[in-house]
Amino acid sequence: MPSAAKQKGNSWEREVAKDLSETFNENFIRVPNSGAYTGGANFHRLDKLTEDQKRMMDGDIMVPPCMSSFKIECKSYKTFDYHKLFTNNLTLNKWIKQAESEDNWFLVIKVTRKGSYILFPTDLSHYFRYKNYLRYTSKYIITSYTDFWKNNADGIRRINEKHTSQPQSLI
């Protein structure tokens, strides 16, 4: 039986997948055992996976073709040190490191009874519409999660098309 914290995280991942499925009219689902198979001490397992398998296991949400160039990492916590956003938030830095990848990515955060937020690299910001935001360091934008997907579905599709239409280098 999973811990209460794990169940809360799973529930948030399902909610994000549902929001994305409704917005894009495609099937988004949680990665089974999200993070458990290749996360933490199991990082070595990535060496044995194909590129398609890695993409499927990367992040917390399996994305369909409309977002194939994106990774989505979800975090649901009881508390969060907002005051450290203006100095150095070690928790957020750890989450960002986990979310960052070669592809485009989002970090989706829910803090119990406080709100839900989305964080992404500033180099994607010109594709999106959002009102209130905070710039964390010079590299990231944090804004409200509410309606983010609906307001930015077209921008996400444009980024994905641009990324997937570029020829991939052969190594």
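Visitor: What should I know about the model before we start?

Guide: The model is predicted, so local features need pLDDT of at least 70, side-chain atom pairs count only at pLDDT 80 or more, and totals for chains, interfaces and linings use all residues. Residues are numbered from 1 along each chain as its sequence is written, and side-chain values use heavy atoms, with hydrogens and water left out.

Visitor: How many helices and strands does the protein have?

Guide: The protein has four helices and seven strands. Both are DSSP runs numbered from the N terminus: helices are H or I with at least four residues, strands are E with at least two. Along the sequence the pattern reads α-β-α-β-β-α-β-β-β-β-α.

Visitor: What makes H1 roughly perpendicular to H4?

Guide: Helix H1 (residues 4-24) and helix H4 (residues 148-165) pack at an angle of about 65 degrees, and their axes are 10 Å apart. That angle makes H1 roughly perpendicular to H4. The ranges are these: under 35 degrees is roughly parallel, over 145 roughly antiparallel, 65 to 115 roughly perpendicular, and the rest oblique. The axes are lines fitted to C-alpha atoms, for helices over the stretch in contact, and angles run from 0 to 180 degrees between N-to-C directions.

Visitor: Is the crossing of H1 and H4 left-handed or right-handed?

Guide: The crossing is right-handed. A crossing has that name if the near helix is turned clockwise from the far one by less than a right angle, and is left-handed if the turn is anticlockwise.

Visitor: Which residues of H1 and H4 meet?

Guide: From H1 there are Asp19, Leu20, Thr23 and Phe24, and they meet Trp149, Lys150, Ala153, Ile156 and Arg157 of H4. By class, this contact has five nonpolar, one polar and three charged residues. Ala, Val, Leu, Ile, Met, Phe, Trp, Tyr, Cys and Pro count as nonpolar, Asp, Glu, Lys and Arg as charged, and the others, Gly among them, as polar. Contact means heavy atoms within 4.5 Å.

Visitor: Why is the pair of Phe106 and Phe128 called tilted?

Guide: Rings of Phe, Tyr and Trp (its six-membered ring) pair if their centres lie within 6.5 Å; planes under 30 degrees apart are stacked, over 60 edge-to-face, and the rest tilted. The ring centres of Phe106 and Phe128 are 5.8 Å apart and the planes are at 40 degrees, so this pair is tilted. Phe106 is in strand E4 (residues 104-111) and Phe128 in the loop between strand E5 (115-121) and strand E6 (133-136), 22 residues apart.

Visitor: Why is the pair of Phe120 and Phe148 tilted?

Guide: Their ring centres are 5.6 Å apart and their planes are at 35 degrees, so this pair is tilted as well. Phe120 is in strand E5 and Phe148 in helix H4, 28 residues apart. All four of these Phe residues belong to one aromatic cluster, which also includes Trp12 and Tyr130.

Visitor: How do you know that Phe120 is buried?

Guide: Buried means under 20% relative accessible area, exposed over 50%, and partly exposed in between (1.4 Å probe, protein chains only). Phe120 has 0% relative accessibility, so it counts as buried. Phe148, at 2%, is buried too.

Visitor: Why does Asn25 count as exposed?

Guide: Asn25 has 71% relative accessibility, so it counts as exposed. Asn25 lies in the loop between H1 and strand E1 (29-30), and its phi is near 55 degrees, a positive value in a residue other than glycine.

Visitor: Why is Asp147 called partly exposed?

Guide: Asp147 stands at 37% relative accessibility, so partly exposed is its class. Asp147 is in the loop between strand E7 (140-144) and H4, with phi near 65 degrees.

Visitor: What makes Ser69 buried?

Guide: Ser69 has a relative accessible area of 1%, so Ser69 is buried. The place of Ser69 is the loop between strand E2 (61-62) and strand E3 (70-77). Beyond its neighbours within four places in sequence, Ser69 is in contact with residues including Asp103, Ile159 and His163.

Visitor: Why is Trp95 called buried?

Guide: Its relative accessible area is 2%, so Trp95 is buried. Trp95 is in helix H3 (residues 90-99). Not counting residues up to four places away in sequence, Trp95 touches Lys75, Tyr77, Phe80, Leu107 and Ile109.
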